[in-house]
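Me: I would like a close look at a single part of this model, followed by whatever else can be said about its packing. Please keep the account plain.

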Amino acid sequence: MPKNLVAPNVLLVFPRFNPNSFWSLAPVCEMWGARCPAPPLGLITLAALLPSGWNVRLINRNSEELTPDELGWADLVMTGGMLPQQDDTLALIELAHTHAKPVVVGGPDATSSPEAYRSADFLVLGEAEAVIQDFVKAWSGGADRGVFEAPKFTVDVTTTPIPRFDLLKFDHYLYVGIQFSRGCPFNCEFCDIIELYGRVPRAKSNAQMLAELDALHAAGYRGHVDFVDDNLIGNKKALKRFLPELAAWQKAHRYPFEFTTEASMNLADDRELLMMLREANFIGIFVGIESPDPETLIATQKKQNTRRSLADSVHRIYAAGLYVIAGFIVGFDTEQSAVADAMIDCIEATGIPVAMVGLLTALPNTQLTRRLTREGRLLPFKAVAGGGDQCTSGLNFVTLRPRRDVLIDFRAILASVYEPTAYFARVRRLGRALDRPRHASAIDWKIVGKELRALARILWTMNVKRPDLRSHFWATIMDCLRHQPRNFEAVLTMSVMYLHLGAFAKVLIASLDQQIAELDAAPAPELPLLPAA
Ligand code: SF4
C-alpha cells in the first residue's frame, strides 16, 4: 500500500505504566469509576501541532485496548512516554512493525535515552514544538527513517497550541492535566527535569492559559485539573500575574475546576502566593521534601528545604487550604543510620498522609548519574530495576552504607507510615489543620451523580469489603465532620488513598524482605559496574 504522505491517519498511543506502582492508584480509580489516573497531555499537545489535514486518533493503553482494527487504520503510529513506560513502548514498536506500520517515538524517556529506542523508525527528541515540523516535512517528502532533535530549552511556550482535549474520553480519568510553565530554577542533583526543560522556567501567557481552560470547559469537563508543571512557582512573577486572572475566571464560571500541582517548599514562605492559590481553588500540592537531614539536603543540592522547620512550613500550606503530598528518598550517600526514625518523625510531624517514600534512583542524564559514573559506582539500570518507579526499583548504584541497611531502613519507614492506625491518625490531623475556603461553586448534576456513586462504592468497600479498615475510616470521617466538615472531600480522598497505599506498601515490604534475604544468603553479589568515565 503506498504511503499516505498528505493526510495520513495518525494513531497516537500512550504506553502502559507498570500497574503496580505508587501512582497507578487502581483502587482509587475504581471508587471514582475511572480507568486510570490521567490522560497523556504530551500526546494531545502533539496532536495540536500536527497539520490540520492529518487524521488523528488517540489510544491510551492504560485505559483501553489497542485493537488490530485501530492499527490497521493507521498510516503512522506516534508514541512515547517516561522511563516506567519504556518496556511497553518497545513492545508497541514491535507490534506496530508486525502490522508494517512505521513508528515515531518521542517524549522524555526517548530524549534521555535515545539509544533504547533504536527499533523506532523516527525519533523526535526534546520539546516537540521546536522540531515536529521537520519531521512532518521529512514524512511528507517520503522519508522512512530519521532522528529530529530539538535545540535545548528554546521553545517559546507562549506559542504552544491548545491541547486537543476533544480527543479525550473524560470518564476514563480521575483528573486532567494542563501546563503553565516548564523548567525549574533549582538544581537538585538527582533531578532530570532540569536536564530536559532547563533552569529558566518558561511560562505561558495569561490569555493562552484562560483559552486552554475555556477549551476544557467547552469540551464538557468539570472537576480535578492538575497543573503538571515541574515547579509551578518556578517563575513566581509570571504566576502572580496569572493567578488573579485565574481566580476571576473560576469565580465567573462558578468554580468548575479544583486544581492541584507540584511546587517547591519555598512556597510556604510566600503568604501572598498561598492566598492567591487559595482564591483560585487550588486544593493540594506535591512537594519534594526528600530528606529530614539538612546535611543530606545540602549534599544533594536541595538547599531550598534547609534552614526551616519542615513541619511549620507544611502547616502554613495547610492553613492556606491546600493538602500536601510529599516525596521522600532513602539511599543518599550522606545518610546516617538514624534516617528511618528521623524520616518517620518528619512524616508524623508534618501530618502528611500520602508520603511517597522511594529509593534514590540515578535516572539517565542527571548530575547524579554523571557523578556515580565518574566514581565507578553506577550499576546497569535494568540489573536492579523493575521499570523505573523509585518505589519499586532504585538504588541502581553501589551504596556507601551497606545496601542491606538502606533496604532495612526503607522497609521500617514503609511499615511505620503505612500501618493503618498511623495513616488514619495523620488523615485526622490533616482534617483539622486544613482551612478550606468556601467558594460558591455551581451545582453540576452530572458531577453530583458521579460523586454519589463514588460515595456509595466507598461506603460499601470500607464497611463490607474492608472490615479491617472500618473503625479507622469511621473514626476519621466522624472526626472531620465534628471539627472541620468543610474538609470532608479532602479527608475522604485521603482515606480512599489508603486502599491503594496500604496494599502497595505490603507488596513493597514483601519484595524488600526477599531482597534482604537474598543479600543475607549471598552477601556480596556484586553487579557488573559500568566503566568509569
Ligand atoms: S525542586 Fe524539583 S523540579 Fe526543581 S530541581 Fe529540585 S527536584 Fe527538580
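Does methionine 343 count as buried or exposed, and why?

Reply: The model is predicted, and the description below should be read as such. Methionine 343 counts as buried, because 27 C-beta neighbours lie inside 10 Å and the cut-off for a buried residue is 20 or more. The residue belongs to helix 13, which covers residues 339-350. Setting aside neighbours within four places in sequence, methionine 343 is in contact with Pro292, Phe328 and Ile413. Isoleucine 93, by comparison, is 250 residues from methionine 343 in sequence, and the C-alpha to C-alpha separation of the two is 42 Å.

Another part of the model is a helix pair. Helix 17 (residues 420-433) packs with helix 19 (residues 467-483) at an angle of about 10°, and their axes are 9 Å apart. Angles under 35 degrees count as roughly parallel, so helix 17 is roughly parallel to helix 19. On the helix 17 side the contact includes Pro420, Phe424 and Val427, and on the helix 19 side it includes Leu469, Ala475 and Cys480. Charged residues also take part, among them Arg428 and Arg432 in helix 17 and Asp479 in helix 19. By class, this contact of helix 17 with helix 19 has six nonpolar, five polar and three charged residues.

Surrounding the ligand are Cys184, Phe186, Asn187, Cys188, Cys191, Ile193, Ile194, Asp230, Asn231, Ser264 and Gly288. That shell divides into six nonpolar residues, four polar and one charged.

Notes:
Residues are numbered from 1 along each chain as its sequence is written. This is a predicted model: local features need pLDDT of at least 70, side-chain atom pairs count only at pLDDT 80 or more; totals for chains, interfaces and linings use all residues. Axes are lines fitted to C-alpha atoms, for helices over the stretch in contact, and angles run from 0 to 180 degrees between N-to-C directions. Helices (H or I, at least four residues) and strands (E, at least two) are DSSP runs, numbered from the N terminus. Angles under 35 degrees count as roughly parallel, over 145 as roughly antiparallel, 65 to 115 as roughly perpendicular and the rest as oblique. Two residues are in contact if their C-beta atoms, placed from the backbone, lie within 7 Å. A residue is near a molecule or strand if its C-beta atom, placed from the backbone, lies within 6 Å of it. A residue is buried if 20 or more other C-beta atoms lie within 10 Å of its own, exposed if 12 or fewer, and partly exposed in between; C-beta atoms are placed from the backbone.
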